[in-house]
Amino acid sequence: MSTLKHSSHTLLKSINQQKVLHLIYSECPISRVELARKTGLSQQTVTNIVNRLLEDQLIVEGEPQSLESGSGRKRVPLLLNGSRFYAIGIELSGTSARGAVYNFQQARLAEAEARAERYESKEDLLRVIRSVIDKLISRTPDPTCLKGIGFSVHGLVNSSEGILLRSPGLGWKRIPLAKLLEDEYGLPVFLENDTNLLALNENMGGILISSKSNVTLKFGNGIGGAIVVEKLLVTGSSFVAGEVGHYKAFMPPYDYECYCGGRGCLTTLASSRGLLRTLSRSWEHFSEAVRTGDPETVQLNEVVKTAIVYATANIVTLLNPDRVLLTGFMLPVWGDSFVDELKARVMAQVPETCRNVEFLHLTDMEDETALAVGLVLKSVFKIPLDSLSL
């Protein structure tokens with residue numbers, strides 16, 4: 001019984017400290033008095049926690065500030081010691097790993113990249129990743145102050161277990177990437193699909209902050225989708241929910257074979273890698289042929305646009321979101337006015353009961369390495385309520 005009591009006390013102490021640390025991170029500068037008021041903890045408990053955080057150099061004190069009334073004891077603001085701690089963010093795609101080191105003030109300190117025409121094996125993929133991590137660690141001011149590595153992955157992941165389910169450039173593989181790298185580097189490692197990560201970021205503090213249920217569609221090297229319902233990410237039973245790229249969009253003679261093993265997938269003609277794999281045409285070449293009016297390309301362009309319209313209309317009808325966020329460098333390939341055309345054609349296709357949906361277009365996205373670092377920050381400052389047994 002005493003062991004259980006001690007364990008519960010330790011957990012509660014950890015939760016209280018994380019509550020305080022989370023507030024200092026999200027609302028700094030903040031005083032001890034404000035921390036006590038917002039957490040509901042006693043002044044003495046807050047003082048004890050703050051003293052521990054100061055001793056560990058996780059936070060620092062700012063210049064004392066006078067009260068608004070001009071009287072009474074000055075309050076000392078507390079700030080995160082963000083310049084002292086670091087995290088690595090990596091964008092992992094089918095042909096490269098690109099990473100950067102950030103401090104906890106979100107300042108980028110160093111960058112590194114390793115490329116491969118293709119990954120021949122799991123070991124080849126890991127070699128590329130290690131190359132980037134090793135360079136970034138060597139360029140970190142104090143590697144002992146690194147708090148973790150985050151990955152934005154252009155592929156399917158089991159984020160809760162840190163497993164690559166469909167690895168970029170390798171097809172369907174189950175690679176326990178987080179465990180492999182944690183064992184090697186002694187740092188926490190976090191993975192998330194790139195479109196899921198973008199959607200989460202935009203829902204928490206970006207263009208989707210006022211939305212409760214939304215869909216993000218990203219047209220780029222591949223086609224990604226993310227579904228958010230009541231501010232929660234929907235991943236499905238095997239983490240495939242939102243994989244719009246494998247929506248069966250094309251009928252003969254355009255139902256080309258997809259790398260997933262199916263035929264007629266949207267990604268075969270509506271993504272840059274799909275165009276290259278299916279027709280051996282780069283997206284730049286295709287776009288130029290559309291602009292110059294090449295008859296065959298113009299006809300195919302209309303087929304692809306119509307497929308995207310129907311796929312989007314079906315998604316809106318099935319999921320009934322209040323927002324659809326469109327993004328990705330491939331959208332202009334289908335024409336300068338395609339986003340507006342897509343919105344109009346979808347609204348004409350969906351039932352009247354679904355026409356409350358609002359379409360948003362994101363042209364400037366935050367760097368994926370910065371989004372990946374956000375996974376580390378979220379872990380460092382999260383409140384471990386999931387450890388409670390109620």
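The following exercises, each with a worked solution, concern the predicted model shown above.

Residues are numbered from 1 along each chain as its sequence is written. Because the model is predicted, local features need pLDDT of at least 70 and side-chain atom pairs count only at pLDDT 80 or more, whereas totals for chains, interfaces and linings use all residues; side-chain values use heavy atoms, with hydrogens and water left out.

**Exercise 1. Characterise the chain as a whole: its secondary structure, extent, burial, contacts and surface.**

Step 1. Count the elements. Helices (H or I, at least four residues) and strands (E, at least two) are DSSP runs numbered from the N terminus. The chain has 12 helices and 15 strands.

Step 2. State the extent. The C-alpha trace spans about 80 × 50 × 45 Å along its principal axes.

Step 3. Buried means under 20% relative accessible area, exposed over 50%, and partly exposed in between, with a 1.4 Å probe and protein chains only. By this criterion, 47% of the 390 residues are buried.

Step 4. Examine the contacts (heavy atoms within 4.5 Å). Of those between residues at least 6 apart in sequence, 58% join residues at least 24 apart.

Step 5. Accessible areas come from the Shrake-Rupley method with a 1.4 Å probe, and for residues only the protein chains shown count as cover. The accessible surface of the chain is about 19,300 Å², and carbon and sulfur atoms contribute 51% of this.

**Exercise 2. Determine the order and pairing of the strands in the sheet that contains S7, S8 and S9.**

Step 1. Apply the pairing criterion: two strands pair if DSSP finds at least two bridges between them. Strand S7 (residues 156-158) is antiparallel to S8, with three bridges. Three bridges also link S8 to strand S9 (residues 171-175), again in the antiparallel sense.

Step 2. The order is S7-S8-S9 in an open sheet of three strands with antiparallel pairing. S7 and S9 are the edge strands, each pairing on one side only. On average, neighbouring strands of this sheet are turned by 15° against each other, direction ignored; here axes are lines fitted to C-alpha atoms, for helices over the stretch in contact, and angles run from 0 to 180 degrees between N-to-C directions.

Step 3. Inspect the hairpins. Four residues separate S7 and S8, and Gly162 in this hairpin takes a positive phi near 70°. The hairpin of S8 and S9 has three residues between the strands, with Gly169 in the turn at a positive phi of about 80°.

**Exercise 3. Where is Pro253 found, and which residue does a cis peptide bond join to Pro253?**

Step 1. Locate the residue: Pro253 is in the loop between strand S13 (232-234) and helix H7 (267-270).

Step 2. Identify the partner. The cis peptide bond joins Pro252 and Pro253, with omega about 10°.
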